[in-house]
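Please keep the sequence and the 3D view open side by side. The report below goes from the whole chain down to single residues.

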Amino acid sequence: DDVESRGLGDVYKRQIKGGVESVVTSLANGFIKKGVKVNLICVKKCKPNFEIHKDINIIYLLDKWSKLRKYRVLIRFFREKLNTEDILYTNSVINTLLAILFAPKKTAKYACDHNQYNAVNRLWAFFRFLLYKRLEGVIVLTQHDLIKYRKINSNCKLFDNPVSSSFFYTDKKSSATVKKYILNIGRLEKQKGQDLLLAAWNLVNKKGYELWICGDGSQKQTLEQQTKLYGLTTSVKFLGNRDDIDILLRGAYCNVLSSRFEGKPVSLIESKVVGCPNISFNCKTGPAEIINHKYDGLLIDAGNIEALAKGIQLLIDNPIIRDEYAKNACMNNERYMLENICEEYLSFFNIKA
């Protein structure tokens, strides 16, 4: 209904439910509530899957998708629609480079890439090295990336990803009251490593527990076939994209991230806030800056399937340890509150709300 009322016409098949989109819409909502005018620029029309404040102006640049058209419409937008009073905040290396080249020189430009520094190919990395010095500032998500980006642009600042208020102020559940499922949240793509997770799950003595995988993507059919090959169809559920992650995390025994690489995983932060212990590969980058090993969760050597299985087994076999991690996970989570992080952003942008 909200889609129709805001003049977007049909409900579009493409739905965005990733961590980057969650963070961007949360920040936009936070800024607008502080009296800052916000335009949210989307290249492709889609159905909004996060709560978006009614006063945020959403601008869609394309009805039909192609990479070439994407670049053309972005260049046109940067050239024709921006002025020197605007503050432009971009969220990918390519979009940022186009903004630097084609937006008005006096338009303040800030950038944040939600993937790790080394995730781009050599060509884009070369242009980033040449051009990012022209930005007013760069927002980074991890200490690893802070060191890298400061070699390009001295005005860098480390920010935490904000978490929606729906994840806070909830009753923290013990192992006696949560349900017997283990959660994985992420796009079904090679990066997220659900194939590694299924291989580990195959080694676990499940004791009636199930693995619930939330997300969609190009690897769905392959992962379903892998599930059948391992004989795991009775203990693995593919839930698809969900808009009730906070509820699922509250009910979960633990949350597992099996990514090959990351930026700063929102799912691990959300899990901590609701008091759900995390088990994660210690991949580059992010998990080690969120999880305190053997205090509020477990860090597993990246890509080590047997070690991941042992970590899951440890929590299944030891509910007391699980509950201790859950209690500790909730400590000092004010750092992830949207209002606090928005204040830091506005200060970095030199905006007085």
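What follows is a report on the fold, its paired strands and a few individual residues.

## Basis of the model

This is a predicted model, in which local features need pLDDT of at least 70, side-chain atom pairs count only at pLDDT 80 or more, and totals for chains, interfaces and linings use all residues. Residues are numbered from 1 along each chain as its sequence is written, and side-chain values use heavy atoms, with hydrogens and water left out.

## Overall build

The protein chain has 13 helices and 12 strands. Both are DSSP runs numbered from the N terminus: helices are H or I with at least four residues, strands are E with at least two. The radius of gyration is 21 Å, close to the 20 Å that the globule rule gives for 353 residues, so the chain is as compact as a globular protein of that length. That radius is taken over C-alpha atoms, and the rule is 2.2 Å times the number of residues to the power 0.38. Along the principal axes, the C-alpha atoms fill a box of roughly 60 × 40 × 40 Å.

Contacts are heavy atoms within 4.5 Å. Take those between residues at least 6 apart in sequence: 64% of them join residues at least 24 apart.

## Surface and charge

Of the 353 residues, 51% count as buried. Buried means under 20% relative accessible area, exposed means over 50%, and partly exposed lies in between (1.4 Å probe, protein chains only). The chain exposes about 17500 Å², with carbon and sulfur atoms supplying 49% of it. These areas come from the Shrake-Rupley method with a 1.4 Å probe; for residues, only the protein chains shown count as cover.

The chain carries 54 positive and 37 negative charges, and their mean positions are 6 Å apart. Lys and Arg count as positive, Asp and Glu as negative; His and the chain ends are not counted. Each charge is placed at NZ of Lys, CZ of Arg, CG of Asp or CD of Glu.

Strand 4 (residues 108-112) has both faces covered. On one side sit Ala108, Tyr110 and Cys112, on the other Lys109 and Ala111, and all are buried. Strand 3 (residues 87-90) runs parallel to strand 4, joined by four bridges. Two strands pair if DSSP finds at least two bridges between them. Threonine 90 stands opposite alanine 111 in strand 4.

Strand 7 (residues 181-185) has five of its five residues buried, so it is largely enclosed by the rest of the structure. Tyr181, Leu183 and Ile185 point one way; Ile182 and Asn184 point the other way. Strand 7 pairs with strand 8 in the parallel sense over five bridges. Leucine 183 has tryptophan 212 in strand 8 as its bridge partner.

Strand 11 (residues 278-281) is also covered on both faces. Asn278 and Ser280 lie on one side, Ile279 and Phe281 on the other, and all are buried. Three bridges join strand 11 to strand 10 (residues 254-257), and the two run parallel. Here valine 256 has isoleucine 279 as its bridge partner.

## A buried phenylalanine

Phenylalanine 77 is in helix 3 (residues 67-80). Its relative accessibility is 9%, so it counts as buried. Leaving aside residues up to four places away in sequence, phenylalanine 77 touches Ile41, Ile59, Leu61 and Leu82. Phenylalanine 102 is 25 residues from phenylalanine 77 in sequence; C-alpha to C-alpha, the two are 9.0 Å apart.

## Loop residues to check

Which peptide bond is cis, with omega near -5°? The bond from lysine 284 to threonine 285. Threonine 285 is in the loop between strand 11 and strand 12 (297-300). Lysine 294 is in the loop between strand 11 and strand 12. Lysine 294 has a positive phi of about 60° although it is not a glycine, and at 59% relative accessible area it is exposed.

Lysine 207 also has a positive phi, of about 55°, without being a glycine. Lysine 207 is in the loop between helix 7 (194-201) and strand 8 (210-214), and is partly exposed at 44%.

Lysine 151 is in the loop between helix 6 (143-149) and strand 6 (156-158). At 64% relative accessibility, lysine 151 counts as exposed. Aspartate 63 is 88 residues from lysine 151 along the chain, and their C-alpha atoms are separated by 39 Å.
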